[in-house]
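Thanks for making the time, everyone. I would like to walk you through one model, and I will give each cut-off as it comes up.

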Amino acid sequence: MDKCPDMITIQAYVDGEKTDDSIIAHLQDCHSCHRRLMEIRELKETADRLAGNEKLPEDFMQVLAAQTRNSSLPAALAAAAIFLILLFSACYLNPGYLQWWFSVGITGLVGLIIDSFVGVLILGQNLAPVLVLAAVAAAVLIELLILIKLKTVEGTLK
């Protein structure tokens, strides 16, 4: 072997994936590569010792679900309260930003829905091309109508 193997090759040798005689001979002769080999072996042994054989109890998911089921309503109420506080704070501090956020957020959501709809239609290879084009045209028209409606709503808010 003319040059030293890279770390991935040495790791493959440690894992038993490489058994090339030239690599083995090089790793024994080259002091630098032999040191890397020993470091990787030591790391592998440490990782093997850290990996435990412990398993979760069989009913772990049921117990976890029962524990979280009882406390989900207060958490949801707290999250809703925090959201409303942030919403009113944003409206009070900078009302124009809040209006922009709603218009961009709604437009992005509508675009995502339309893109998903078009993707499903394209995946349906059994449809005729005319139906796919009609569905795409309908989706574009729906998005344009929503954008026009948002523009008129934004115009009345100013």
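Predicted model: local features only at pLDDT ≥ 70, side-chain atom pairs only at ≥ 80, totals over all residues.

Residues are numbered from 1 along each chain as its sequence is written, and side-chain values use heavy atoms, with hydrogens and water left out.

With a disulfide taken as a pair of cysteine sulfur atoms within 2.5 Å, a search of the whole structure finds zero of them. Cys-4 is in none, and its nearest cysteine sulfur, that of Cys-33, is 3.5 Å away, which is too far for a bond. Cys-4 is partly exposed at 39% relative accessible area, whereas Cys-33, at 0%, is buried; here buried means under 20%, exposed over 50%, and partly exposed in between, using a 1.4 Å probe and protein chains only.

Turning to the helix, and taking helices as DSSP runs of H or I with at least four residues, numbered from the N terminus, α2 spans residues 21–29 and has Ile-23, His-26 and Leu-27 as its buried residues. They lie on the same side of α2, because they cover an arc of only 100° around the axis, the arc being that of the directions from the helix axis to the C-beta atoms. Asp-21, Gln-28 and Asp-29 are exposed on the other side of α2.

Finally, Leu-147 is found in helix α6, residues 129–157, and is partly exposed, with a relative accessible area of 34%.

Methods:
Helix = DSSP H or I, 4+ residues; strand = E, 2+ residues; numbered from the N terminus.
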